[in-house]
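The following paragraphs walk through one protein chain, beginning with a single residue and widening from there. Please keep the sequence and the model open side by side while reading.

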Amino acid sequence: MTTNKTPYSLIGGEQIILVLVDRFYFYMDTLPEAQGIRDMHQANLASAKDKLFKFLSGWLGGPNLFIEEFGNPMLRARHFPFAIGESERDQWLLCMNKALAEMTMDLQLRTTIQNALQQLATHMINQEPATKY
């Protein structure tokens, strides 16, 4: 029998993703550099934490909790009401990369996850860059 090694299983599954999400939102809630994306969220982050946990679970190869509850993630469409530019992408990545740095995992796996999240976050951009004169 072959065991499929997914990022989800390699990083430690549900408990580690819960910690990752908690640390991500800790940084988003406390870093002055992330104030722009913090302001896009409700005061209580419980719902956002739950959705990110469920999304990451499936995205990393674990249970498809988000899809089971909410359907296709359609992330760009779900985030379209929010003005997301390069600055917001970079703020999100700052928080996520800081959270990932706290997780014990293989360096190559961390880099692979960071690169995939970079692509995902860039895909979320829905605002044109400001024209510089």
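Start at Gln91, which sits in helix H7. The model is a predicted one, and every value below is computed from it. In this model Gln91 has a relative accessible area of 9%, and because buried means under 20%, Gln91 counts as buried. What does Gln91 touch, once residues up to four places away in sequence are set aside? Its contacts are Glu33, Ala34, Gln35, Gly36 and Ile37.

From that residue, step back to the whole chain. The protein chain holds eight helices and zero strands, and read from the N terminus its elements run α-α-α-α-α-α-α-α. The C-alpha atoms fill a box of roughly 60 × 30 × 30 Å along the principal axes. A compact globule of 133 residues would have a radius of gyration near 14 Å, and the protein chain, at 15 Å, agrees with that.

How much of the chain is buried? Of the 133 residues, 37% count as buried. The chain exposes about 8200 Å², and carbon and sulfur atoms supply 54% of this area. Contacts along the sequence can be sorted by separation: among those between residues at least 6 apart, 70% join residues at least 24 apart. The contacts of Gln91 with Glu33, Ala34, Gln35, Gly36 and Ile37 can be looked up in the model alongside that figure.

Next come the charges. The protein chain carries 12 positive and 14 negative side chains, and the centres of these two sets lie 1 Å apart. Side chains of opposite charge can pair when their charged atoms come close. In this model the count comes to six salt bridges.

One of the salt bridges is between the side chains of Asp22 and Lys49, with 3.1 Å from N to O. Asp22 lies in helix H2 (residues 14–30) and Lys49 in helix H4 (residues 46–59), so this pair ties together parts that are 27 residues apart in sequence. Are these two residues buried, exposed or in between? Asp22 is partly exposed, with a relative accessible area of 38%. Lys49 also counts as partly exposed, at 29%.

Another salt bridge joins Arg23 and Glu102, whose closest N and O atoms are 2.6 Å apart. Arg23 lies in helix H2, while Glu102 lies in the loop between helix H7 (86–101) and helix H8 (107–123), so the pair ties together parts that are 79 residues apart in sequence. Arg23 counts as partly exposed, at 22% relative accessibility. Glu102 is partly exposed as well, at 35%.

A further salt bridge is found within one helix. The side chains of Asp50 and Lys54 meet at 3.1 Å, N to O. Why are Asp50 and Lys54 separated by about one helical turn? The reason is their spacing: they are four residues apart in helix H4. Asp50 is partly exposed, with a relative accessible area of 30%, whereas Lys54 counts as buried at 14%. Salt bridges that share partners join Asp50, Lys54 and Glu69 into one network.

Two methionines complete the tour. Met74 is found in the loop between helix H5 (65–70) and helix H6 (75–79). Most residues other than glycine have a negative phi. The phi of Met74, in contrast, is near 35°, a positive value in a residue other than glycine. With 49% relative accessibility, Met74 counts as partly exposed; the cut-off for exposed is over 50%.

Met124 lies in the segment after H8. At 10% relative accessibility, Met124 counts as buried. Which residues is Met124 in contact with, leaving aside its neighbours within four places in sequence? They are Leu75, Arg76, His79 and Ile84. The C-alpha atoms of Met124 and Phe82 are separated by 9.8 Å, and these residues are 42 residues apart along the chain.

Technical notes. Residues numbered from 1 in each chain as written. Predicted model: local features only at pLDDT ≥ 70, side-chain atom pairs only at ≥ 80, totals over all residues. Heavy atoms only, no water. Rg over C-alpha atoms; globule rule 2.2 N^0.38 Å. Buried < 20%, exposed > 50% of the residue type's maximum accessible area, 1.4 Å probe, protein only. Contact = heavy atoms within 4.5 Å. Areas by Shrake-Rupley, 256 points an atom, 1.4 Å probe, with all protein chains shown as cover. Lys, Arg positive; Asp, Glu negative; His and termini not counted. Charge placed at Lys NZ, Arg CZ, Asp CG, Glu CD. Salt bridge = Lys/Arg side-chain N within 4 Å of Asp/Glu carboxyl O.
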